[in-house]
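The entries below follow the order in which I looked things up.

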Amino acid sequence: MTDLERAALLDQLLRYVREELETGLPADQITPNSPLLETGVLDSVRTARLLAHIRTAHEVRVPPVHMTGEHFRTLETITDLILLLRSRAASL
């Protein structure tokens, strides 16, 4: 994956979180490096919605072993997780 493709994926996730998850925060306060768990952007319901979005929009299933605070810390880490899971699926 090129840097441009990674940036496009990150931008798409950022738009989804800002526009669809109804976080109650102003959109400009949610950035690629915002701490999603600490700021309350992700809670159990919004995390489930985000996982469903990742599954349908990006055709990636996130296994339970990867549903950790480390992987869902920021939109950057979520982007990296999607790319990791895609590369693993492609190598099978």
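**Entry 1**

I began with α2 and found R46, L50, L51, H53, I54 and H58 buried. I took buried as under 20% relative accessible area, exposed as over 50% and partly exposed as in between, with a 1.4 Å probe and protein chains only. Helices here are DSSP runs of H or I with at least four residues, and strands are runs of E with at least two, numbered from the N terminus.

Viewed down the axis of α2, the buried residues fall within an arc of 160°, so they line one face of the helix. I took the arc from the directions running from the helix axis to the C-beta atoms. On the face turned away from the buried side I noted the exposed residues S44, V45 and T56. The cover over the buried residues of α2 includes α1 and α3.

I note that the model is predicted: local features need pLDDT of at least 70, side-chain atom pairs count only at pLDDT 80 or more, and totals for chains, interfaces and linings use all residues. Residues are numbered from 1 along each chain as its sequence is written, and side-chain values use heavy atoms, with hydrogens and water left out.

I then checked the length of α2. Its 15 residues should span 21 Å at 1.5 Å a residue, and the end C-alpha atoms are 20 Å apart, which agrees. The expected span is 1.5 Å times one less than the number of residues.

**Entry 1: the ends of α2**

At the start of α2, I found a side-chain oxygen of D43 within 3.2 Å of the backbone nitrogen of V45. D43 also forms a salt bridge with R46, with the closest N and O atoms 3.3 Å apart. For a salt bridge I required a side-chain nitrogen of Lys or Arg within 4 Å of a carboxyl oxygen of Asp or Glu. R46 is buried at a relative accessible area of 14%, whereas D43 is partly exposed at 34%. Just after α2, E59 takes a positive phi of about 55°.

**Entry 2: the core**

Which residues have the most contacts inside the largest nonpolar core? I listed L13, V17, L50, I54, F72, L75 and I78, in a core of 23 residues. The elements giving two or more residues to this core are α1 (3-20), α2 (44-58) and α3 (75-90). Such a core is a set of buried Ala, Val, Leu, Ile, Met, Phe, Trp, Tyr and Cys residues joined through side-chain atoms within 4.5 Å.

Contact means heavy atoms within 4.5 Å.

T79 lies in helix α3 and counts as buried, at 0% relative accessibility. Neighbours within four places in sequence aside, I found T79 in contact with R6, L9, L10 and L13.

I counted four salt bridges. In one of them, the side chains of E76 and R6 meet at 2.9 Å, N to O. This pair joins helix α3 to helix α1 across 70 residues of sequence. D80 also forms a salt bridge with R6, the closest N and O atoms being 2.6 Å apart. D80 in helix α3 and R6 in helix α1 are 74 residues apart. R6 is partly exposed at 22% relative accessible area, and D80 is partly exposed at 38%.

Notes
A polar contact is a pair of N or O atoms within 3.5 Å; within protein, one must be able to donate a hydrogen and the other to accept it, and residues adjacent in sequence count only if both atoms are side-chain atoms.
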